[in-house]
Every structure is written in C-alpha cells, then in structure tokens.
Amino acid sequence: MNSKIIKFTDQAPKEAPNPLNLPSKFRRLNYAYLDEDTKREIRRGLLKAVAVPGSQVPFSGREMPMPYGWGTGGIQVTASLIGPNDVLKVIDQGSDDTTNAVSIRAFFAKTAKVKTTTITKEASIIQTRHRIPEDRLTDDQIMVYQVPLPEPLRPLEPRESETSTLHALKEYGLMYLKLYEDISVHKEIAISFDYPSLVNERYAMSPSPIPRFDNPKLNMSKALHLFGAGRERRLYAVPPYTKVAPFDFEDYPFRIQDFVGGCALCGSVDSYLDEIVIDDKGGRLMVCSDTDHCQKMREKSGGEQK
Amino acid sequence: MNEKSILKAQNLTKNYGSQVGCLGVDLEVYPSEILGLVGESGSGKTTVLNLLSGRLKPDCGSVLYSMACGDQIDIHAISEAKRRAISRSELGFVHQNPVNGLNLNVSAGANIAERLLSGGERSYHRARAKAIKWLEKVEISASRLDEKPENYSGGMRQRLQIAKNLVTEPKLVFLDEPTGGLDVSVQARLLDLLRRLQADLGLSAILVTHDLGVARLLSQRLMVMKDGRIIESGLTDRVLDDPQQPYTQLLVSSTLEV
C-alpha cells in the first residue's frame, strides 16, 4: 500500500514528520497547532468580546493550513480554547459527516489529542458553520462559529470608518432601511440567513450564516457563543443568558421559516429541513439538516415501535 | 428685529492651509426667513454653509442653534451623537447634486423613510404612508414610490431630495445651489415648490447660490461674499437695486438680461 497517505486517527502521532531533519525542538507542533502567544492574544480578544456582547474585537488572525472561507476563524478560536479534557463536535450545514467537519475533527484529534463526538449532548465545544444544533445547549457548552462576514452593516455601508461610527453611536437606521426596502419589493423581510440581530440591546451583530430559523436559539441561550472571522480578523461573542433580538418592524415582526410536513426520515416537525434531490426525475426529500438530531429521533421512534 | 434668531454664527473662520476658506463671518437667521448667500465661485459660500450645518469644524467661532425645545446649543460643542441626531431631525441639507443627498441603491420611498427610521420609527406602514404623502407634496406621482431614483429625471431627483429632507419637518434647511444644473422651466417649478413649502411650513433656510434671480425670488435678506468675507448685507431688494460695494455693483451689472 502507499505509505505516504497520512492516516488520521484519534491518537496523536508520537512525532511530527521531519523532512528537513530539524533538531527536535523545532520539530514538534505546539499543542492545538497555534503557538501559545497567539492563543493568549485570541483569549484576551475573546474576554473583551464577552465583556461587550455583540461588539467586534480585532485580532491578528494567523495563516492556517487551510484556505480562508473554510473556517480559519473558527479553528483559531477553538484552538485557543481547547484542552485535553474537551470533547469536540464539528458540524457543517448541520451535518457531522461533510468533508470540512470530518477534517476539522481529525485536525484537533491529531494536534490537541481530544476526544471527538457527533452527539450534541456529549460535546463541550461545538464548532459550527451554518447551523445551531436542534438540541438545547447547556451552560457547560461553548459554540464556536466560523464567520465569513462579521459586519452586519457592510452590505449597506462600504466604509469601515463609517460603520464603526454607526456602532459607536448605536445608529441602526440603515438596518431598518434594508428591511423597508425588502418589504416594498418582496412584500416580506427577505433575509433567510445571517439575519442581523441586536445583542444585549446595544450592538448589531451578524449571527454568521445560520438560517433565521436558528436566531431564537441565540436569545437567552445557556451556552457561550463565540464567533471568529479569519479573513476579516474579528472576534465577537454572545455570553450566556444574553438578549439577542432580530431587527424587525412592529407591523412586520420577525418570524422563522416554516416547513410543510416533517422530516421524511425521522418525522420531526420542529427541526430545520434540507431539500435533498434523490433521483434525476425531480424526486425530492425534506430531511433534518441536523444529522445527529435526526439519528436520535429515528432511534427513539424505532425503539418505540419495537 | 427683536425676534429671537434661530441660528447665530459669530466670527466663523476656516483656513485650508494657507488658503482662506472664510474669515470672521457673523450672521443670524430668524424664524421663517430665507437668507441668501451670493458671491462668485471660491468666495467661501459653501465653506460657510458646511460650517453652519456642522459638516465642517471651524478654526474659530461658534454656531448657536435654537432647538425646537427652546434650548440653545453650539453645533460644534455638542457630542457627535447629538449633532448627528439634530442634523437628521431638525436640520435639512439640500445638495446641488441630488446624487450626494440621495441613496441611489434604494427606492424613492426608502430614501424618504430613511430619516424617520433613523429617528426611531418602527412601523412599516406609518413610514410608507408618510413617504407617499411627501412624494405627492413635491409633485411626484405615488405610483413611482418603489422606483429607484436612478430612473428619475434631474428635476425629480432634486424634488425627491427636498422631500427626503422635509419629512421630519426640520426648522432650518440649508440649500446649496438647489436649482443648479437644471433647465429653466424645471428651475421655475422647483422655485415655485420651494416658495410654497416655505410658506406652508414656516421654514427658515440659508440659500447659497450664484444665481441672483433665484436669490431675489426666494430670499428676504441677502449677504454678498468675496474672498471669504461678507462685504455687504441687507434686504434682498435693497442689495440688488442699490448695491453699495464696487464688487456687488459688478456682480449685479454682470447679470444677463433676456
């Protein structure tokens, strides 16, 4: 067999590859990949972000062994938090078994020697892109979000100097302008994901590209939510038990997406559904996007039937 | 005039490096009057307007504004937050080029609603109803409410900009060459509109123009600027019919007769 294929295991390798025959002190990667100074800087940034909920804190984002857009911000946050006793879950679009989720789990299994899981309840850190798990989070869990565009005002105002002034003065009229325009054109608020919200009645925040279905899960959540944007080099946070209110009009209130019928696999009626094309004749299935939740529901109903 | 002024500027001075923007400008605006500011290009008219509206910081001098609630504030001494709040509720600023005063990426309705939404309006229907009302007031058909101003003609854009500024019923409006760049028939309609709105709402305004015809038609008092200073001021008819300063005489005699 080809011996050059690197095998990912839950066991950390005894020694990192050493093609240049470097002396051993240069050879080993630091625990959880990032050097301690970088982790320290990110932790300080996160403390500030938690202290001022929803406000964006700049950090000096490192180059990561993956391209921007694949979760470099989230990985750096996770790397600065993770310890040997943590249990890590990574989801991408709600799923535990997509390429990105599998790779990031393997990355930390290898570099931080942590246990990984796909079960929401077992995880102490959940790194995510695009979803918040359907299961209620607890107060000993941390959610880490991979954020592409941290600035909620950016599509409306291109100048950074101006957006930071607007945040400082809590001037969010532009946000309502966007909603007004949506209703005039589409007869409803047409933001289906990354729905801007006001955190702790003070800062406007982009909740990263989660569907607006998940916005209510942020409000008064027991878990700590940390957001990392690698390319834009920004950190922000929603601490536990913090108000997160979506922007809306009193006569056009915020509402989540609703689905006709439940999940085709587990029958769940209160979860976010993905449309899966199953053949080339237009056949479609609506199934849970949260694979762990779907699995659990199927096991439960299967158990009852037996 | 024993009435209390709505805006009072004292000793306004602004230099751009070694260039003089304006020098020791004193002026007062009284309720429901339009004050004209004329002079050639580069005489400091726009500098004065920007200083008065708080868009530019003076090197020295003060601008005192009497708010709707009766308090008097110095536009340049208050916090940025308060200045911005006042600028979008009690003051208006009509740019010569409507592109500078409008958001071309959103509909006309959204342009008018913007000030209301920034001021805390949280009802879509109320904001929209007011946008329709003001669109009609500036003689634009309500059927064009959801159109983007890119599709509007120059005259319509200027009227939309006026609606956008007046929707919060400001007390004082700064007009920077509001009829510049429009053809004469469109100018005439716009001037009619401005006169009517001013009479209906009891607006005060400061009008910057180099068109003496526009100044005569709109303003009650006139100030003439040259090289950053005010060289002559008085009732518009007096200044234009009996100019005292040589420069004003030149300005008045340079106007083309049709």
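Predicted model: local features only at pLDDT ≥ 70, side-chain atom pairs only at ≥ 80, totals over all residues.
Residues are numbered from 1 along each chain as its sequence is written, and chains are lettered from A in the order in which they are written. Local features need pLDDT of at least 70, side-chain atom pairs count only at pLDDT 80 or more, totals for chains, interfaces and linings use all residues, and side-chain values use heavy atoms, without hydrogens and water.

User: Which residues of helix 5 of chain A are buried?

Analyst: Helices (H or I, at least four residues) and strands (E, at least two) are DSSP runs, numbered from the N terminus. Buried means under 20% relative accessible area, exposed over 50%, and partly exposed in between, with a 1.4 Å probe and protein chains only. In helix 5, residues 160-168 of chain A, the buried ones are A:Glu162, A:Thr163, A:Leu166 and A:His167.

User: What covers the buried residues of helix 5 of chain A, including any part of chain B?

Analyst: The face turned away from the buried side carries the exposed residues A:Ser161 and A:Ala168. The cover of the buried residues includes helix 6 (173-186) and strand 7 (203-205) of chain A, together with helix 2 (80-87) of chain B.

User: What area is buried between chain B and chain A?

Analyst: Buried area is the accessible area (1.4 Å probe) that two parts lose on being put together, summed over both. Contact, meaning heavy atoms within 4.5 Å, takes 25 residues from chain B and 17 residues from chain A. In chain B, B:Arg84, B:Arg122 and B:Tyr124 lose the most area to chain A, together 40% of what that side buries. Carbon and sulfur atoms give 58% of the buried area, which is about 1,800 Å².

User: How many salt bridges are counted between chain B and chain A?

Analyst: A salt bridge is a side-chain nitrogen of Lys or Arg within 4 Å of a carboxyl oxygen of Asp or Glu. B:Arg88 forms one with A:Glu171, with the closest N and O atoms 3.0 Å apart. Helix 2, helix 4 (108-118) and helix 5 (124-137) of chain B each supply at least two residues of the side that touches chain A. The count of salt bridges between the two chains is four.

User: How many disulfides does the structure hold?

Analyst: A disulfide is a pair of cysteine sulfur atoms within 2.5 Å. For A:Cys288, the nearest cysteine sulfur is that of A:Cys266, 3.6 Å away; A:Cys288 is buried, at 6% relative accessible area. The sulfur of B:Cys60 is 8.9 Å from the closest cysteine sulfur, in B:Cys22, and is therefore too far for a bond. Over all chains, the number of disulfides is zero.

User: Where is A:Gln93 found?

Analyst: Phi of A:Gln93 is positive, near 55°, in a residue other than glycine. A:Gln93 counts as partly exposed, at 39% relative accessibility. Its place is the loop between strand 2 (87-92) and helix 4 of chain A.

User: Which residues is A:Val102 in contact with, leaving aside its neighbours within four places in sequence?

Analyst: A:Val102 is in helix 4 (residues 99-111) of chain A. A:Val102 is partly exposed, with a relative accessible area of 38%. Beyond those neighbours, its contacts are A:Asp96 and A:Asp97.
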